[in-house]
Amino acid sequence: MKLVLLGPPGAGKGTQACKISERLGIPHISTGDILRNEVAKGSSLGKKALGYMNEGKLVPDEIILEIIKNRIVETDASRGFLMDGFPRNLKQARMFSEILNSLDMKLDRVINIEVSQDEIIKRLSNRRVCEGCGKVYKVDGGDLNIEEKRCERCGGKLKKRSDDEINVILNRLKVYENETKPLVDYYTSEGLVINVDGNGNEEEVTKRILESL
Ligand code: AP5
């Protein structure tokens, strides 16, 4: 299946993408993860992207489209994919259609995860990520010692993402409203959107998504 996951920052796109891609046997393609990886490597692409990311702004379309053009022709994506964080505005969505057309592919579904703003702020403020492998954690029930813990997968340190400070979260939410939310209408007009309630625990949301597919 060829799927796009839409939703505001912190809606749980990355969390759900890991589970859904595993269940469906398709690669999870996250432009945010690809960019963070480039930043960690200190590559020239990472250096160009870092300033935008730290301010909660979108990285320029040319950079993102180049990433997608290269990634989508990799062998594993020929049987399907789950896009997480791409496309992010109308230009990217239109260019993505052109890229897919040129490869004789088309999208099957766009899953739109809906969560309230209060819940988003809570989730992002409580998110920690592994410095080593990027695995996502949350501060649960006042677990104030989480930063002293180590990643269960690779033993790396857990830290806050630099764009999870409240001023940057609020900017990302504005960017989402202005640039990304219009994609819900864009893909609805193509008959592709499934709206999924993103409240409740992770397993409940995964079940809703799988049932809706
Ligand atoms: P990106 O990494 O895509 O960030 P985002 O869209 O803002 O989304 P997040 O990763 O913050 O949240 P998520 O929805 O994946 O939530 P998660 O599952 O982690 O982009 C980062 C930056 O890169 C952008 O700002 C931009 O600069 C740049 N960028 C990326 N793509 C781009 C593009 N296409 N064009 C231009 N620029 C681009 O969950 C959040 C927390 O909640 C976690 O702690 C998790 O454990 C917890 N959680 C998840 N589900 C639940 C649940 N059901 N109940 C309780 N807690 C939950």
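# A tour from the strands to the ligand

Select strand β1 (residues 2-6) and strand β3, which run parallel and are joined by 4 bridges. Strands here are DSSP runs (E, at least two residues) and helices are DSSP runs (H or I, at least four residues), numbered from the N terminus; two strands pair if DSSP finds at least two bridges between them. The model is predicted, so local features need pLDDT of at least 70 and side-chain atom pairs pLDDT 80 or more, while totals for chains, interfaces and linings use all residues. Residues are numbered from 1 along each chain as its sequence is written, and side-chain values use heavy atoms, without hydrogens and water.

Next, select L82 in β3: L3 stands opposite L82, and H28 also stands opposite L82. Strand β2 (residues 28-30) pairs with β3 in the parallel sense over 3 bridges.

Show the side chains of β3 (residues 81-84). F81 and M83 point one way, L82 and D84 the other way, and all are buried. Buried means under 20% relative accessible area, exposed over 50%, and partly exposed in between (1.4 Å probe, protein chains only). In a regular strand the side chains alternate between the two faces of the sheet.

The ligand is surrounded by 33 residues, and the closest are T15, T31, K57, R127 and R172. This shell divides into 12 nonpolar, 10 polar and 11 charged residues. Its largest share, 4 residues, comes from α2.

Which side-chain atom lies 2.8 Å from a nitrogen atom of the ligand? Zoom in on T31: a polar atom of its side chain is at that distance. At T15, a side-chain N or O atom is 2.5 Å from an oxygen atom of the ligand. The protein covers 95% of the 1,000 Å² of accessible area that the ligand has on its own, by the Shrake-Rupley method with a 1.4 Å probe.

Last come the salt bridges, each a side-chain nitrogen of Lys or Arg within 4 Å of a carboxyl oxygen of Asp or Glu. The whole structure holds 16 of them. Select K122 and E119, whose closest N and O atoms are 3.5 Å apart; both lie in helix α6, 3 residues apart. Then go to E211 and K207, which meet in a salt bridge (3.4 Å, N to O). Both E211 and K207 are exposed.

Key. A residue is near a molecule or strand if one of its heavy atoms lies within 4 Å of it. A polar contact is a pair of N or O atoms within 3.5 Å; within protein, one must be able to donate a hydrogen and the other to accept it, and residues adjacent in sequence count only if both atoms are side-chain atoms. Ala, Val, Leu, Ile, Met, Phe, Trp, Tyr, Cys and Pro count as nonpolar, Asp, Glu, Lys and Arg as charged, and the others, Gly among them, as polar.
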